[in-house]
Amino acid sequence: MTPPEPILSVVVPMFNEESVLPLLVRRLRGVLDDLDEPYEVVAVDDGSTDGTAAGLSRLRAQWPQLRVLRLRRNSGHQAALLAGLLRARGRYVVSIDADLQDPPEVIGQMLDRARTDELDIVYGVRADRSSDTGFKRWTAGLYYRLMRRLVGKQVPAQAGDFRLLSRVAVEALRDLPERNPVLRLVVPWLGFPSGEVGYLREERAAGRTKYPFSRMVGLAADSVTSFSAAPLRIATWLGLAGVVICGLLVVVAVIAWFAGATVTGWPSLYVAVLFLGAVQLLCLGLLGEYVGRIYTAVQGRPAYFVATDTAGEPSGTVTAGEPSGTVTAGEPSGTATTGESTVSGTAEGAPARDAAGSAQVTDPALLADTLR
């Protein structure tokens, strides 16, 4: 008997979360079973190196609604989240992290809010972050203030990646050409009707954080450069300031020359050289950041490669360990992806590209040339 199409999909990206899996399943399954709605849980294994893959396979044998999507390598939190969102089949799709800092019990409230108010997006907003360190609260507040100033007031304050999306919103994400979108900024930018549900942020249930300071800095840099040209404008203003200061120094030098005091001028020269050098290096760095993004976009490499997807397999099937030879990268275009190369029709024999930018070859001769 074919299971009914899920009304709700829950996407859980995870990387080395073996220790938290039993707690996650206990709480998440209890919440979803009580909703009395057809659902699926899409666990995205982002190239874990511990026992996460084996643990998910064992759990899937006991939990028919659990679906395991395994990426070939660690592609990063945002890429893993995007992979799960684009492959989820539910009418509503909720994304939640595996660490249980975002409580699964709020999912029912988000679903009710979306249906009652006819919303396409419902954000989980952190009403209290007392479980975080003072430094993390301060940096998070600074990040959201900066993003709201650069991107706009539509970015909800204190809203991470715990959100509900309607099928319409997910399909809008699929149509975006970006390879590595920052979802907490892209989703508000879509402009769909949205609402918020507040909750208390809890401490991590087990394990250690997979988002250290370096990754937070990287997320902030990606957020700024993906959504605003403000750094380039800052470089322009710094260049103008340098020109003005140099002009003033020229005037000072001319006056000093007429006054006969041109022997002792090394401090001003020293300061001018340092200032101009610093401004030039900063501007080159900012330009390089944007040129690097253009280079990455021109390369067209997908953000992730899918190794296995248990969708359509019997729930008792164990798929832990090595990938099954699937070569599909990114989001499928409606074709099978188990055990063989994914193929889809294209004009003139050219390789098609799916929503994540992955090439899908259909002509056998072209496939042979590509593999060669």
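## From the surface to the charged network

In this predicted model, Leu281, Leu284 and Leu287 make a nonpolar surface patch of about 330 Å². One of these residues, Leu287, is found in helix H10, which covers residues 266-299, and with a relative accessible area of 45% Leu287 is partly exposed. Another residue of this kind is Val217, in helix H8 (residues 213-227), which counts as partly exposed at 42% relative accessibility. The C-alpha atom of Val217 is separated by 9.6 Å from that of Thr139, although the two residues are 78 positions apart along the chain.

The whole chain gives the setting for these details. Its secondary structure comes to 11 helices and 10 strands, and of its 372 residues 44% are buried. The accessible surface comes to about 19000 Å², and carbon and sulfur atoms account for 61% of that area. Among contacts with a separation of 6 or more, 77% are between residues 24 or more positions apart.

A part of the interior can be followed from helix H2 (residues 52-62), whose buried residues are Thr52, Ala53, Gly55, Leu56, Ser57, Leu59 and Arg60. The cover over these residues includes strand S1 (8-14), helix H1 (21-34), strand S2 (39-45) and strand S3 (66-71). Strand S3 is itself mostly covered, with six of its six residues buried. Leu66, Val68 and Arg70 point one way from S3, while Arg67, Leu69 and Leu71 point the other way, and all of them are buried. Strands S2 and S3 run parallel and are joined by five bridges; within this pairing, Val44 has Leu69 of S3 as its bridge partner.

S5 and S6 run antiparallel and are joined by four bridges, with Val122 standing opposite Leu164 in S6. S5 and S7, by contrast, run parallel and are joined by seven bridges, and here the bridge partner of Val125 is Gly198 in S7.

Strands S6 and S7 also meet through their side chains. A search of the whole structure finds two aromatic pairs. In one of them, the rings of Phe162 and Tyr199 have their centres 5.5 Å apart and their planes at 80°, so the pair is edge-to-face. Because Phe162 lies in strand S6 (residues 159-166) and Tyr199 in strand S7 (residues 194-200), this pair ties together parts that are 37 residues apart in sequence. Both Phe162 and Tyr199 are buried.

The remaining step concerns charge. Side chains of opposite charge can pair when their charged atoms come close, and the count for this model comes to 13 salt bridges. One of them joins the side chains of Asp309 and Arg87, with an N to O distance of 3.1 Å. This pair links distant parts of the chain, since Asp309 belongs to strand S8 (residues 306-309) and Arg87 to helix H3 (residues 77-87), 222 residues apart. Asp309 is buried, with a relative accessible area of 9%, and Arg87 counts as buried at 5% relative accessibility.

Arg184 counts as buried at 15% relative accessibility, and Asp161 is buried with a relative accessible area of 4%. Beyond separate pairs, salt bridges that share partners join Glu40, Arg67, Arg87, Arg89 and Asp309 into one network.

Technical notes:
Residues are numbered from 1 along each chain as its sequence is written. This is a predicted model: local features need pLDDT of at least 70, side-chain atom pairs count only at pLDDT 80 or more; totals for chains, interfaces and linings use all residues. Side-chain values use heavy atoms; hydrogens and water are left out. Patches are made of residues with over 30% relative accessible area and no salt bridge: like charges are joined within 9 Å, nonpolar side chains (Val, Leu, Ile, Met, Phe, Trp, Tyr) within 5 Å. Accessible areas come from the Shrake-Rupley method with a 1.4 Å probe; for residues, only the protein chains shown count as cover. A salt bridge is a side-chain nitrogen of Lys or Arg within 4 Å of a carboxyl oxygen of Asp or Glu. Helices (H or I, at least four residues) and strands (E, at least two) are DSSP runs, numbered from the N terminus. Buried means under 20% relative accessible area, exposed over 50%, partly exposed in between (1.4 Å probe, protein chains only). Rings of Phe, Tyr and Trp (its six-membered ring) pair if their centres lie within 6.5 Å; planes under 30 degrees apart count as stacked, over 60 as edge-to-face and the rest as tilted. Contact means heavy atoms within 4.5 Å. Two strands pair if DSSP finds at least two bridges between them.
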